[in-house]
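Please look at the sequence and the model below before reading on.

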Amino acid sequence: MHIRVHLSLKKVAKKLSIFMVVILCSCSSFQDTKVLYFAHSLPTTHPVHMGILDMQKFLEEKSGGSLKIKIFPDGQLGTEREVLELLQIGSVAMTKVSAASMSNFAPEYQVTSIPYLFRDSDHLFKALEGEVGKQLLASGSEYLLRGLCFYDAGSRSFYTKEKPVNDPKDLDGLKIRVMNDQMSVNMVNTLGGSATPMAYGELYTALQQNVVDGAENNIPSFVTSNHYEVCKNYTFDQHTMVPDVVVVGTKFWDLLTDTEKKWLQEAADESVQKQKQYWRETVKKNMEVLKKANVKFIYPDKTQFVAKSEAVMKEMMKDPEMKKLIEKIKSY
């Protein structure tokens, strides 16, 4: 079995003191208590972090305190890709990443990044909470990354510093930060922009220093990252609805008893409904924050974006397995 591991020894050395603690303790037993270390890159004010807090609470309740989650937010243990690699080698038990990041390890996740594949949030979760979702969550196991559940990450749209984006032509010549996955790069380049992959934690400074002209993300991330302080144009083109994924490393999953696995899966599933609620509430509050900050909202004719991005889906459908997935999603 070919395992995709690209761990940077330099970066591991840089965080050695933290990682050594994690390696020793990530799922260790202390007086009959197993502690699973959960690392992610979002701030504690983010609605996804709030969902993780509920998972933490539900798991402790279900296990009577014998199984606990310790959370490391704000990228304390590295970027999404770095933490996924730490799961693969058994240094961290769990993480939350974008499905786009998972596609670098389990290719089937690429389907979640296809522009305009999902009609709306209801359609998205019909697919994710049905057969398609189960298939995707299981697909990472081959690469030592088992998916537990999907969290709502809303829709992703463009935001820019100077030039507002009213239609795809406005992306011409603009350097747009994207996640480090091929689908995101293809999507922006197809629409006419110049895709610039970059770690999320580096983006604020890159925007300030004009390394990039803009980016694309959902409203809560736009606000919690404070990118709205630099970018005053937000275009609701809603090109993708890439969910977040809660992932457990199979090295730790395999250490759990069947009962413990059941508790963890149930805690994850129950936290999903709470997280969706947090997401809706946060978007509403964040829109008010952006209005007060004088961010300009642009509501373009999406048909131009849909038409120009169709090439991305057509290219993906050349793969027979991906075509089956796409057609299954469209059938919901």
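On one side of helix H7, Glu131 and Lys134 are exposed, where exposed means over 50% relative accessible area, buried means under 20%, and partly exposed lies in between (1.4 Å probe, protein chains only). Helices (H or I, at least four residues) and strands (E, at least two) are DSSP runs, numbered from the N terminus. Helix H7 covers residues 131-139, and its buried residues are Val132, Gly133, Leu136, Leu137 and Ser139. Seen down the axis of H7, these buried residues fall within an arc of 160°, so they line one face of the helix; the arc is that of the directions from the helix axis to the C-beta atoms. Their cover includes helix H6 (121-128), strand S5 (145-151), strand S11 (244-249) and helix H14 (320-331).

Leu325 is found in helix H14 and is buried, with a relative accessible area of 3%. Leaving aside neighbours within four places in sequence, Leu325 is in contact (heavy atoms within 4.5 Å) with Glu108, Val111, Val132, Gln135 and Leu136. The C-alpha atoms of Leu325 and Glu131 are separated by 9.9 Å, although these residues are 194 apart along the chain.

## Basis of the model

The model is predicted: local features need pLDDT of at least 70 and side-chain atom pairs count only at pLDDT 80 or more, while totals for chains, interfaces and linings use all residues. Residues are numbered from 1 along each chain as its sequence is written, and side-chain values use heavy atoms, with hydrogens and water left out.

## The open sheet

Six strands, in the order S8-S7-S9-S6-S10-S12, form an open sheet with mixed pairing; two strands pair if DSSP finds at least two bridges between them. Strand S8 (194-197) and strand S12 (296-298) stand at the edges with a single partner strand each, so one side of each is left without a neighbour in the sheet. From one strand to the next, the twist averages 30°. Axes are lines fitted to C-alpha atoms, for helices over the stretch in contact, and angles run from 0 to 180 degrees between N-to-C directions.

Strand S6 (residues 156-160) and strand S10 (residues 233-240) run antiparallel and are joined by four bridges. Phe158 has Thr235 as its bridge partner in S10. Helix H8 (residues 182-191) packs on the sheet and touches S6, strand S7 (175-178), S8, strand S9 (214-217) and S10; the direction of H8 makes about 155° with that of S8.

## Nonpolar cores

A nonpolar core is a set of buried Ala, Val, Leu, Ile, Met, Phe, Trp, Tyr and Cys residues joined through side-chain atoms within 4.5 Å. The largest has 44 residues, of which Met102, Tyr109, Val111, Ile114, Leu117, Val245 and Ile326 touch the most other members. Beyond its neighbours within four places in sequence, Met102 is in contact with Leu84, Val97, Tyr109, Gly140, Leu145, Val245 and Val247. Another core, of 27 residues, lies apart from it and includes Phe38, Met94, Val248 and Ala268.

## Individual buried residues

Ser98 is located in strand S4 (residues 94-98) and counts as buried at 4% relative accessibility. Not counting residues up to four places away in sequence, Ser98 touches Glu80, Met179, Val242, Pro243, Asp244 and Val245.

Thr282 belongs to helix H12 (residues 258-292) and counts as buried at 10% relative accessibility. Cys149 is buried, with a relative accessible area of 4%, and Cys231 is buried, with a value of 0%. Where a disulfide is a pair of cysteine sulfur atoms within 2.5 Å, the count comes to zero disulfides.
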